[in-house]
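Dear colleague,

Please find below the structure that I am handing over to you. My notes on it follow directly after.

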Amino acid sequence: MSGADDARWMAAALALAERGRGRTAPNPNVGCVIVKSGRVVGRGWTQPGGRPHAEAMALAQAGAESRGATCYTTLEPCAHRSERGPACTDLLIEAGVARVVVALGDPDPRTDGEGMARLRAAGIEVASGFGADQARRSMAGFLTRRALGRPHVTLKLALSLDGALAMADGRSRWITGDEARAHTHLERARHDAILVGRGTFEADTPRLDVRLPGLEDRSPHRLLLSSHQPKGMHDANSWCGSDLDLYSGWAWVGQRALSAVSVSDYLMVEGGAHTAASFLAADLVDRLLLYRAPILVGDGRTLPDIGLADLADAHRRWTLIDSRQLGSDRLEVYERARKD
């Protein structure tokens, strides 16, 4: 196949990978398509809870059509056997695929390079690197936890034109319009967990769920950053604490076990100002969602100190990766520019 064909089919695999985002931890959200004679004969994406893997799902759909086909997968096929299922490398070899195109190598030491090596040893052609940058962004949660031992953190900020996050008394409902709020719900559906501070909880009593038709079951775990149970919390058992060691003294967790949260790969922080500043000061934010509304607030709340010692230190920290209009509001998406 040509490079253009490889790019096209890898883009399709990357699109499938997004279906599993926020639901596959501790496994990565991988996408896979199997192509034969210019048509897709199998497709898959990592299922909730991490199994089956994308390649296993695609191979099961393709059946005998897998023989002689090309497999496009966003992550190197796993090379280790598990109680939860066979190694995808073995499944691809047994299925008789002729070629495997991989976007990104797997940093898991049980696979790291071994998956591609075993495929080549079995006489299967292997190509890698197609769509690598997109794959890193797609599996940012898995890769961040592997590299840094924590979830990938997205900070959402809704701002007025004059930089206010809320009214002077802390109320922030609603700065943005319907379209921007709908987009926020879509973002929530792509995260395992969502966190707010006690001030935001007491001022706005946010539900932090997903209310888009068809995605209601994608609501993330709700986390509260507080040293104690706040007033007005009647459903304490549906809230929990986080395993992020941001700073000491914020250990209120309700009564829920934290096992589901401890393996979260994607954490969304929605407020308020002090919580946002704490994450920024600790350099724990990997992605910024800035929703700018065409309003002026005046004497409103803005971000407090984020530990910036010199204005020069603020430059070259953030890279704009997306910008779009959402009704009357403007969305800008930034990624933290980190050195490898």
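Where does L303 lie? L303 is found in the loop between β10 and β11; helices (H or I, at least four residues) and strands (E, at least two) are DSSP runs, numbered from the N terminus.

Two remarks on the basis of these notes come first. This is a predicted model, in which local features need pLDDT of at least 70 and side-chain atom pairs count only at pLDDT 80 or more, while totals for chains, interfaces and linings use all residues. Residues are numbered from 1 along each chain as its sequence is written, and side-chain values use heavy atoms, with hydrogens and water left out.

Overall picture

The protein chain has 10 helices and 12 strands. Of its 340 residues, 51% count as buried (buried means under 20% relative accessible area, exposed over 50%, partly exposed in between, with a 1.4 Å probe and protein chains only).

The open sheet

An open sheet of mixed pairing is formed by 7 strands, in the order β8-β7-β9-β6-β10-β12-β11 (two strands pair if DSSP finds at least two bridges between them). At its edges are β8 (221–225) and β11 (318–326), each of which pairs on one side only. Helix α7 (residues 178–188) lies across β6, β7, β9, β10, β11 and β12, and runs at about 160 degrees to β10 (axes are lines fitted to C-alpha atoms, for helices over the stretch in contact, and angles run from 0 to 180 degrees between N-to-C directions; contact means heavy atoms within 4.5 Å).

Strand β1 and its partners

In strand β1 (residues 31–36), 5 of the 6 residues are buried. β1 runs antiparallel to β2 (residues 39–45), with 6 bridges between them, and antiparallel to β3 (residues 70–73), with 4 bridges. V33 has R43 as its bridge partner in β2 and stands opposite Y72 in β3. The hairpin of β1 and β2 has 2 residues between the strands, and S37 takes a positive phi near 55 degrees there.

Salt bridges

The count comes to 21 salt bridges (a side-chain nitrogen of Lys or Arg within 4 Å of a carboxyl oxygen of Asp or Glu). One of them joins R118 and D90, at 2.4 Å from N to O. This pair links helix α4 (residues 114–121), which holds R118, to helix α3 (residues 88–95), which holds D90, across 28 residues. D90 is buried, with a relative accessible area of 13%, whereas R118 is partly exposed at 24%.

In another, the closest N and O atoms of R145 and D265 are 3.1 Å apart. R145 belongs to helix α6 (residues 140–148) and D265 to the loop between α9 and β9, 120 residues away. D265 counts as buried at 3% relative accessibility.

D286 and R338 also form a salt bridge, with the closest N and O atoms 3.2 Å apart. D286 lies in the loop between α10 and β10 and R338 in the segment after β12, so the pair ties together parts that are 52 residues apart in sequence.

Yours sincerely
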